[in-house]
Amino acid sequence: MAVIPVERKPLTLAERTYIPQIVHGLKTTFRHLVAPNVTLEYPEQRPEIPGGYRGVPTLVRDPNGREKCVSCQLCEFVCPPKAIRITPGEIASDSAQAHVERAPQAFDIDMLRCIYCGLCQEVCPEEAIWLQTQYSMTGYTREEMVNHKDRLYELGGTLPDAHLKWDKKKAAEDAAAHGGHH
Amino acid sequence: MDSSLYFDLPIWVRVTLQGVAVIAVLFPLAAACSMAERKISAWIQGRPGPNRTIPPFLRWIPVVAPVLQKLGLFQLAADGGKFVFKEDPIPGHVNKVYFVLAPILAMIPALTTIAVVPFGAYLDSAGRAVPLVLANVDVGILAVFAVGSLGVYSVILAGWASNSKYPFLGGVRASAQLISYELSMTLSVLPVFLWVNAPGGSGTLSLFDVVQSQSQPGFWGGMWYGVLMPISAFIFLVALFAETNRQPFDMPESEADLVGGFHTEYGAFKWSLFFVAEYCHMIVGSGVFVLLFLGGWHPLPWVSLEMVSGWLHIAGSPVLTGALATLLFLGKVVAFIFFFMWVRWTLPRFRYDQVMTLGWQKLLPLSIANLIAYALAIALIERA
Amino acid sequence: MADLLFYVLGGVTLGTAALTVLSRNAVNSAMFFLLSLLATAGLFVLLDAYLLAVLLVLVYAGAVVALFLFIIMLLDMQGGVRPPFTRATIAAAVAATGLLTVGVLSFVKRAQLSAAPVSPDLPVVGATLKSYAAQLFTTYLLPVQVVGFLLLIAMLGVIVLSKRFEGLEDIK
């Protein structure tokens with residue numbers, strides 16, 4: 001590679017007095033002085049959350065209001081900091097959703113442990129756990145920082161996604177039981 | 001207004017009243033400056049600055065309370081209260097006497113110099129301007145310099161008494177810097193006083209006479225000295241920044257390399273005294289600059305206070321002309337303090353060797369050359 | 001009132017001057033010297049010599065003592081052990097005291113002080129800027145020049161002593 005020596009230009013007298021530079025700097029800061037603020041008044045104004053943001057993990061329901069989690073515990077298994085603790089439970093046989101068979105009895109995410117990695121969302125076969133736009137978790141005690149099941153559903157809401165795979169499966173099973181074509 | 005009531009009071013009552021007035025004016029002004037500094041730094045950096053604090057029992061007041069809240073004035077009160085009430089520890093390794101003495105010494109020149117700075121003038125019934133000043137001494141500018149130069153002791157003593165290395169370095173830097181720039185500062189105002197003291201006059205160093213000589217009739221007479229002697233004004237300005245330890249000359253407390261400089265070991269009320277003293281110096285320095293180079297209480301070059309009072313038909317009233325003059329002067333001082341802060345949030349700090357080079361090798365020869373040039377010019381003009 | 005102030009200021013001047021000499025801590029000495037100078041300035045004010053008072057504060061209190069302190073801090077002088085008196089120091093002290101006494105006595109005995117001016121048109125020397133300057137550039141022109149020259153010599157001497165010159169080439 002060729003070395004190109006660059007002659008350093010000698011400073012002009014005006015540059016050596018440093019005054020034009022100071023005046024230029026003063027002009028710049030004055031422009032910023034009168035320019036509108038670039039900050040947000042945080043608690044009142046909230047930043048716009050971009051799509052695909054990975055905030056607090058939450059649990060979601062399907063459009064029929066059924067909790068999507070079937071307590072397979074894959075997320076509990078994959079969670080690197082072991083923030084998730086699931087107590088699996090059965091769905092009562094007289095329930096309309098009895099064909100899904102299982103749902104979590106308790107579902108705790110310890111937000112003091114969670115590292116927002118999103119592995120739980122990635123591993124979930126039921127698309128039941130989602131990292132959503134909630135980004136601010138505060139509390140005065142350790143207990144307050146643990147999201148229990150009802151809180152998780154409250155944060156998560158409903159996934160507007162009409163797969164309804166368990167209902168389809170049930171319909172198919174029913175059809176098979178009646179028609180016997182399988 | 002009947003002023004004889006006041007002058008009938010015994011002298012010690014008047015002196016006490018004047019002292020209280022100085023404190024009552026300068027302290028809130030310095031405090032307001034500190035909040036202005038925070039606000040201006042915030043605006044320059046694109047932030048709103050402190051705008052949240054408000055005591056709950058004042059929240060119901062419409063318009064006024066939200067405006068004060070947005071301006072951060074309640075934050076100011078909270079900060080002041082904090083300085084008074086928080087614990088004020090004296091570290092174990094310090095020289096206690098000088099450690100306590102230093103912040104007190106900082107306040108003395110800061111509050112004393114204001115006494116000889118005229119802050120306005122009123123027109124008496126004969127139309128002559130009479131200065132509004134606590135002590136109208138003949139040696140005005142020298143008194144400001146003399147008492148102001150005592151400010152260096154607080155910094156040196158604070159640095160030395162703290163008995164640890166960063167304050168010590170800050171104190172050494174401060175003493176060298178303050179003494180260096182005092183020379184250029186004094187030399188830079190000499191042309192002004194050569195011009196003011198025309199031959200045949202009684203000879204004066206009074207700041208009031210400087211202001212009055214900037215409102216003479218004619219093209220040259222009405223010109224401010226900032227226009228007539230730009231180099232003097234420039235040197236005085238730079239030296240003023242150095243003397244008040246403001247950016248880009250805040251060597252004594254350059255937090256990047258000296259933690260907090262001379263006040264590293266200080267906290268609470270003693271620290272706030274240093275803080276207030278710095279702003280008082282700034283206010284007095286701005287006032288002196290305005291008097292010397294920006295026409296004092298005369299609204300514009302070639303437009304004197306007398307002319308404006310004539311246009312407004314208030315020339316007969318001492319109170320109104322006095323108020324007008326004081327407002328004009330204060331307005332200029334506030335604008336100048338804004339300039340101080342504007343520069344602070346624009347320029348980076350000089351290196352210490354640059355400060356010394358600038359002071360001794362650039363400003364001092366420049367001010368001497370400036371003095372000689374103006375002395376020759378004034379001699380030629382007087383001869384003609 | 002003025003008499004009382006005179007005695008107070010005079011007492012402070014003398015007392016702090018004595019403490020300047022007697023203090024073991026150099027910083028204390030410098031601070032007492034500062035107080036002494038300020039009290040002297042107060043005495044000048046009592047004599048209506050405002051200009052002299054201001055100049056004293058400006059030059060001595062503002063700059064000279066600050067430089068003293070600066071040097072004390074740089075050298076980190078902390079009192080320490082004093083060298084004992086030797087025959088030479090005693091002789092020097094006696095000689096100096098004698099000379100000082102003779103000087104003061106001759107000043108008191110022989111000086112012809114003109115009476116204070118009674119006319120208000122004729123201000124005291126040093127009271128106003130103009131009278132002070134006029135005296136400085138007429139009556140006392142020679143002493144001023146001599147003292148200035150002496151200071152210049154002292155400054156050159158300090159430069160020669162403090163700078164290390166390797167050879168004659170460096171001086172040129």
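Start in chain A, with strands E2 and E3. E2(A) pairs with E3(A), residues 102–110, in the antiparallel sense, over seven bridges. On terms: helices (H or I, at least four residues) and strands (E, at least two) are DSSP runs, numbered from the N terminus. Two strands pair if DSSP finds at least two bridges between them.

Before I go on, the ground rules. This is a predicted model, so to speak: local features need pLDDT of at least 70, side-chain atom pairs count only at pLDDT 80 or more, and totals for chains, interfaces and linings use all residues. Residues are numbered from 1 along each chain as its sequence is written, while chains are lettered from A and ligands numbered from 1 in the order in which they are written.

Back to the sheet. A:Arg85 stands opposite A:Asp108 in E3(A). The sheet is open, with three strands in the order E2-E3-E5 (chain A) and antiparallel pairing. Which strands are at the edges? Strand E2 (84–90) and strand E5 (146–147) of chain A, and each pairs on one side only. As background, strands of a sheet pair through backbone hydrogen bonds, either parallel or antiparallel.

Now the helix. H5 of chain A, residues 149–156, lies across E3 and E5 of chain A. Helix H5(A) runs at about 85° to E3(A). Axes here are lines fitted to C-alpha atoms, for helices over the stretch in contact, and angles run from 0 to 180 degrees between N-to-C directions.

Next, chain contacts. Two residues are in contact if their C-beta atoms, placed from the backbone, lie within 7 Å. Two pairs of chains touch, and chains B and C have the most contacts. That contact takes 24 residues from chain B and 19 residues from chain C. On the side of chain B, helices H6 (140–149), H7 (151–161) and H8 (165–196) each give two or more residues.

Chain A touches chain B through ten residues, against nine residues of chain B. And A with C? No contact joins them, and their closest C-alpha atoms lie 29 Å apart.

Last, chain C. How many helices and strands does chain C have? Seven helices and zero strands. Chain C has 172 residues, and 19% of them count as buried. Buried means 20 or more other C-beta atoms within 10 Å of the residue's own, exposed means 12 or fewer, and partly exposed is in between, with C-beta atoms placed from the backbone.
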